[in-house]
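Open the model in your viewer and keep the sequence panel beside it. The tour goes from one selection to the next.

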Amino acid sequence: MPLLPAPSYTMYFPFTNGHVQTLYPPLFRKVDIVEAERVRIATPDDDFLDLDFLPATSAPDTDGAEAVSARPLVVVSHGLEGHSRRKYVRGMAACMNAAGWDVCAWNFRGCSGETNRTLRMYHSGVTDDLHTVIEFCAGRGYSRIGLAGFSMGGNQILKYLGENPSAVHPAVVAAATFSVPCDLTGAAKVLDKPSNAIYMRYFMRTLKEKMRQKKALYPDLNIDGLDGMTTFGEFDNQFTAPINGFRDAEDYWQRSGCGQYLSAIRIPALLMNAKNDPFLSPSCYPIHMARQSGYLHLQMPVTGGHVGFIRQHEDGYYWSDLRAVEFLRQYL
């Protein structure tokens, strides 16, 4: 039942092209990057996570847990090599704030502008850090928490909800995710295509810099061959997999993709993947699973690209922002 008809999202040429939809927002979208309350929290393994709190624009001018608990909070997770100040994160946060909800936009390990302390870094399958963030937010007094995530952040959210449903924090009531690579093996193969070389060069440049920073903290880390790497397979085989306890890149991809966990999700979750997303393989559209689920709401608009969903309007919100608010409002 939750396989929903494609919503009424259309754009005119050239924004019907997946690459244009993907590249336009980071280059040309205008978002006011307002100052946030930056909070650093400790992780159980003696590392840290940096969180940005953005209060609702309609929030009452008062302090105290009672005032906080009266408002919902949305925890927003960014994508690969993103951070809490990315345009797509802050655009979503602004729309959530306008709806009357507070926002916690958090940074994965090593993504806030400062290298994290442990050798371990973030990856697609990490869910314990998300739980740590949710626990901290609940401890601040928020009793109704929604989750919103893009790409890798969406994969982490859906995996978190499905890998151990009984361990999901009780304050979490719903989730909205966009451009999610549900099958990491399939997505990695798609990104290896020549048509996606521009994206791979960007990702590899910043990932390589993070490993050089790690080398400075951990001199025994072997970074031989790093400069010549051009694919996720090479990078994940040498770094992501062994550092995080996986056998190799394929083992990491197989165990970290959210697709295998979707059938176990037990709270309402929106999965929005555009049909022309240049990052996604056909296996990233779990149509059969959504038809069998009472909680997974899959929508596949014809266009949208990867974390695109452009909407040219004076309010500045993108269609994904409004769709997330529309979906989460039913439960928050």
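Start with helix α1, residues 18-28, which gives the most to a nonpolar patch, with 3 residues. Helices here are DSSP runs of H or I with at least four residues, strands are runs of E with at least two, and both are numbered from the N terminus. This is a predicted model, in which local features need pLDDT of at least 70 and side-chain atom pairs count only at pLDDT 80 or more, while totals for chains, interfaces and linings use all residues. Residues are numbered from 1 along each chain as its sequence is written, and side-chain values use heavy atoms, with hydrogens and water left out.

Now select L23, L27, F28 and I198. Together these residues form the nonpolar patch on the surface, with about 390 Å² of accessible area. Such areas come from the Shrake-Rupley method with a 1.4 Å probe, and for residues only the protein chains shown count as cover. Patch residues have over 30% relative accessible area and no salt bridge, and nonpolar side chains (Val, Leu, Ile, Met, Phe, Trp, Tyr) are joined within 5 Å, like charges within 9 Å. A salt bridge would be a side-chain nitrogen of Lys or Arg within 4 Å of a carboxyl oxygen of Asp or Glu. L27, in helix α1, counts as exposed because its relative accessibility is 58%; buried means under 20%, exposed over 50%, and partly exposed in between.

Next, show the strands. An open sheet of 8 strands has the order β1-β2-β4-β3-β5-β6-β7-β8, with mixed pairing. At the edges are β1 (37-42) and β8 (296-299), each with a single partner strand, so one side of each has no neighbour in the sheet. From one strand to the next, the twist averages 20°. Two strands pair if DSSP finds at least two bridges between them.

Select β5, residues 145-150. Strand β5 pairs with β3 (residues 73-77) in the parallel sense over 5 bridges, and 6 bridges join β5 to β6, also parallel.

Is β5 enclosed or open? It is largely enclosed by the rest of the structure, because 6 of its 6 residues are buried. I145, L147 and G149 point one way, and G146, A148 and F150 the other.

The angle is taken between N-to-C directions, from 0 to 180 degrees, using lines fitted to C-alpha atoms, for helices over the stretch in contact; contact means heavy atoms within 4.5 Å.

Terms used
Buried < 20%, exposed > 50% of the residue type's maximum accessible area, 1.4 Å probe, protein only.
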